[in-house]
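Here are a few friendly notes to read alongside the model. They follow one theme, the pairing of charged side chains.

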Protein chains: 6
Amino acid sequence: MELVPGNSLITASPEDGRALAVLLARNTIRAIQPDVEVLRKSRGEYANDPDSLTSAAHVVSIEFATIAAANDYWR
Amino acid sequence: MELVPGNSLITASPEDGRALAVLLARNTIRAIQPDVEVLRKSRGEYANDPDSLTSAAHVVSIEFATIAAANDYWR
Amino acid sequence: MELVPGNSLITASPEDGRALAVLLARNTIRAIQPDVEVLRKSRGEYANDPDSLTSAAHVVSIEFATIAAANDYWR
Amino acid sequence: MELVPGNSLITASPEDGRALAVLLARNTIRAIQPDVEVLRKSRGEYANDPDSLTSAAHVVSIEFATIAAANDYWR
Amino acid sequence: MELVPGNSLITASPEDGRALAVLLARNTIRAIQPDVEVLRKSRGEYANDPDSLTSAAHVVSIEFATIAAANDYWR
Amino acid sequence: MELVPGNSLITASPEDGRALAVLLARNTIRAIQPDVEVLRKSRGEYANDPDSLTSAAHVVSIEFATIAAANDYWR
């Protein structure tokens, strides 16, 4: 499976970079747990748990830091 | 939905950068869990739990690190 | 409310930078939970829990990393 | 045992860098817990727990940040 | 109280930098919880809990990253 | 006790850097909890807990980021 969509960290804008950060995080989880049914059940749990949502946002923030640096912060 | 308000990491001041960091973190969570009713209930839980508040502040600190670097620390 | 006291990351010394890091972390939490009474109760809990103290110190360490970089490490 | 496959952080593409990030994280765990039977049982637990999956994705995101910097973000 | 011993991040060696990282983490916790009796009790708990020890080591690793950068990695 | 083996972050290769990262993390824990008997018992617990293993791998990833930067990523 593909871990980095488009095989590049370069994006046209911060918005696109943020969307890529979300995908990177998701794709890691799919690589570890490829069973779609387990993931669907997982989602039902963590999407309703405030701390799980914060943990997911935490991972996205780190992926985004890398992507933002790669794009020289779209300056 | 919009993940990065204004589609830019550049802000006029540290204060504005900090406010953007809070919004980035919130918008990730809304992207994962778009159901406003679930989020309202979540907020009632985590805003009263010291560890959940610290975890939220943790994510903001990472988002802010990226924004501060993007703005060359407003030096 | 003010998120970044003095609206600047530049401080005269590492000691001042560290104090700013503590304030940044606190102000995020106050922005998320503005109810002073809830915060006072929260403090009574986390200040007596070793893991909560470590989590708070964790956030301060990240805020400080940003402030230290902003000040070119006071070299 | 080998901790860094190929003894290099340089990869041909972001996709390869991401795969290396996953391996680095796995190899650390195998170095700490070399018992394959314990690891197989562990996997059965954390791969079905949403928070454990997020934690694993968290570690991968940090390994990837290092690898991406090493490769100057494949720019 | 003093948060940064010596009010400087510059140290003579990695070993001294590491010792400073441990002190920075400790001093944050003392600033949040100044009651020595509570801290002594806390220590008895977290020093016997593997996950608490890992969390403490986590904070030290971040403080050290900042100190190492400040010293240009003692190259 | 020694916190940084060899008192240097410079290593000959990524593999050696990774081994140093593991030692740095271990030595922090030994500095906080010097009682070898407690550590041995701790190890028996966390080495069999998937989340504890992930947390340990997390700390190693941060130590490695610092060491990799110190060595300019062995480029």
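1. B:E37 and B:R40 both belong to helix α2 of chain B, which covers residues 36-46. They sit three residues apart, about one turn of the helix. Their side chains join in a salt bridge, with 3.6 Å from N to O. Please keep in mind that this is a predicted model.

2. Is B:R40 buried or exposed? With a relative accessibility of 55%, B:R40 is exposed, because the cut-off for that class is over 50%.

3. Next, please turn to chain D. Helix α2 of chain D (residues 36-46) holds both D:E45 and D:K41, four residues apart, about one turn of the helix. The two side chains form a salt bridge, at 3.4 Å from N to O.

4. F:D72 and F:R75 make a salt bridge whose closest N and O atoms lie 3.0 Å apart. Here F:R75 is exposed, with a relative accessible area of 55%, while F:D72 is partly exposed at 40%.

5. How many salt bridges does the structure hold over all chains? The total is 24, and the pairs in these notes, including F:D72 with F:R75, are examples of such contacts.

Terms used: Residues are numbered from 1 along each chain as its sequence is written. Chains are lettered from A and ligands numbered from 1 in the order in which they are written. This is a predicted model: local features need pLDDT of at least 70, side-chain atom pairs count only at pLDDT 80 or more; totals for chains, interfaces and linings use all residues. Side-chain values use heavy atoms; hydrogens and water are left out. A salt bridge is a side-chain nitrogen of Lys or Arg within 4 Å of a carboxyl oxygen of Asp or Glu. Helices (H or I, at least four residues) and strands (E, at least two) are DSSP runs, numbered from the N terminus. Buried means under 20% relative accessible area, exposed over 50%, partly exposed in between (1.4 Å probe, protein chains only).
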